[in-house]
Amino acid sequence: MFTKHLLAVVASVSATTAAAIAQTSTKFDAGANTNMAVYWGQGPSQPRLAHFCADSNIDIIPIAFLNVFPDQVGGGYPGTNFGNQCGPETFKNKDGSDSPLLSNCPLIGPDIKTCQAMGKKILLSLGGAIPDNQSIKDDASAIAFAKFLWDAFGPKDAKYDGPRPFGDAVVDGFDFDIESAVSPNDATSQYRGYGTMIDALRVFFAADVRKEYYISGSPQCVIPDAHLAIPIETSWFDFLFIQFYNTPQCSARAYFDASYGRKNDGDKPSSISFDAWVGFVRTSAMNKDVKLYIGLPAAPLKALAYDTAMYIAPDDVINLIDLFQCRYPKEFGGIMVFEATYSEQNLIDNKPFVDVIKGQLANNKCAKKPATSTSSTVSPTMVLAIPLRLFQSVHPPRPRVMGLQQLLFTLLSLPVDSLAQSLPRVCLIQSATALPHR
């Protein structure tokens, strides 16, 4: 995925968007196999977020990107880039120096609330392809980063006096789109800290029983993914938006052209690696029920994928949906598309790319319709059962995995009253052996 820096703020809301906002919201079902996840934030002259939330065909929107991590800027605030939705102004670090964290994004916060009222799930995406040096120094940095994300984008705490880029809006979770370059001098930098960061976020999530939060990842199609394979094994992901368009030999294009991505004539035929991802999740993932999405570019443009051949037209996408939605009705979650504005500009029979694909998802013979329940209450027992299970890995110990007591002690030392009140309850359920499925 790519980032672009555009600064002209778009302030208008179309009449269609305004009308859609007034409509009754739909119930999001994380367990459906018809969900459509669409990244937003990096499109050319992009409309505001609420415009896309008015599209009933979109279920999840990762906002892209928080693309500069604290350890890359000397431990200050991280940096963001949401294209034309923000001005150039930034927050000051605690020491008074300038940070790369954009402070003038007046439309995003209100739009997040609008989208959530319409049943959409809004995630903040971390990473992206530019810059390519994101990393986390150690577990302490990972926990501090997680705490900042919770303070800045989670429920507003009256005692917190740091940045709130989206005001009092609260995101529905975080997406890990880690694409930093491989460092031959520090191989562990590719995955170090992300599992700890996710585990810490899960503990913070447990402090808020009023809302359900999600963690997603956007790995490349190669297995193992250099950045997320180990975190997927040791930490709890809800969705994996697999990018089947950056690596030729395991791409969606390779399904239709078995020679695509082959380096030598003697290489075995290439194909999409969705089957292999299902196998990896079944045998190695912490969450065996994580939903797998087929990630595709929204248009045949190099701004979205380095090779325009990676674009799959809807007449071919339906073949992928028909195959994998039916073969893996439990594991298949839907389609991910990068990116919203490009999709809207790519019209097929006068419909945006995303709308056409959503129709294929929802109307396929193997579609699992969203749950009809209207209850949105999250069980405190279920939420508070999560942290213990998350920190007790069923796999052999890895160097990056912190012990439960160490992590809880570290978090308890942080000045977050709501967390401190909930953690004792976490400790009281150590006999819990099963994590309720979503």
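Predicted model: local features only at pLDDT ≥ 70, side-chain atom pairs only at ≥ 80, totals over all residues.
## Ground rules

"Buried" here means under 20% relative accessible area, "exposed" means over 50%, and "partly exposed" is in between (1.4 Å probe, protein chains only).

Residues are numbered from 1 along each chain as its sequence is written, and side-chain values use heavy atoms, with hydrogens and water left out.

## Aromatic rings

Rings of Phe, Tyr and Trp (its six-membered ring) pair if their centres lie within 6.5 Å; planes under 30 degrees apart are stacked, over 60 edge-to-face, and the rest tilted. The structure has 30 such pairs. Take Trp-150 and Tyr-213: their ring centres are 5.2 Å apart and the planes sit at 70 degrees, so this one is edge-to-face. Trp-150 is in helix α4 (residues 139–153) and Tyr-213 in the loop between α5 (194–206) and β7 (214–217), 63 residues apart. Helices (H or I, at least four residues) and strands (E, at least two) are DSSP runs, numbered from the N terminus.

Tyr-213 is buried too, with a relative accessible area of 3%. The charged end of Lys-211 sits over the Tyr-213 ring, 5.6 Å from its centre (the rule: NZ of Lys or CZ of Arg within 6 Å of the ring centre and within 35 degrees of the ring normal).

## Disulfides

Counting cysteine sulfur atoms within 2.5 Å of each other as a disulfide, the model has 4 disulfides. Cys-53 and Cys-115 make one of them, with sulfurs 1.9 Å apart. Its S-S torsion is about 95 degrees, so the Cys-53 and Cys-115 link is right-handed. Cys-53 lies in helix α2 (residues 49–53) and Cys-115 in helix α3, so the bond ties together parts 62 residues apart in sequence. Cys-53 is buried at 1% relative accessibility, and Cys-115 is buried at 0%.

Cys-326 and Cys-366 form another disulfide, sulfurs 2.0 Å apart. Here the torsion is about 105 degrees, so this disulfide is right-handed. Cys-326 is in helix α9 (residues 314–327) and Cys-366 in the loop between α11 (353–363) and α12 (380–391), 40 residues apart. Cys-326 is partly exposed at 25%, and Cys-366 is partly exposed at 22%.

## Around Glu-89

Glu-89 is in the loop between β2 (60–66) and β3 (90–92) and is partly exposed, at 40% relative accessible area. Its side chain makes a polar contact with the side chain of Asn-104 (3.0 Å). A polar contact is a pair of N or O atoms within 3.5 Å; within protein, one must be able to donate a hydrogen and the other to accept it, and residues adjacent in sequence count only if both atoms are side-chain atoms.
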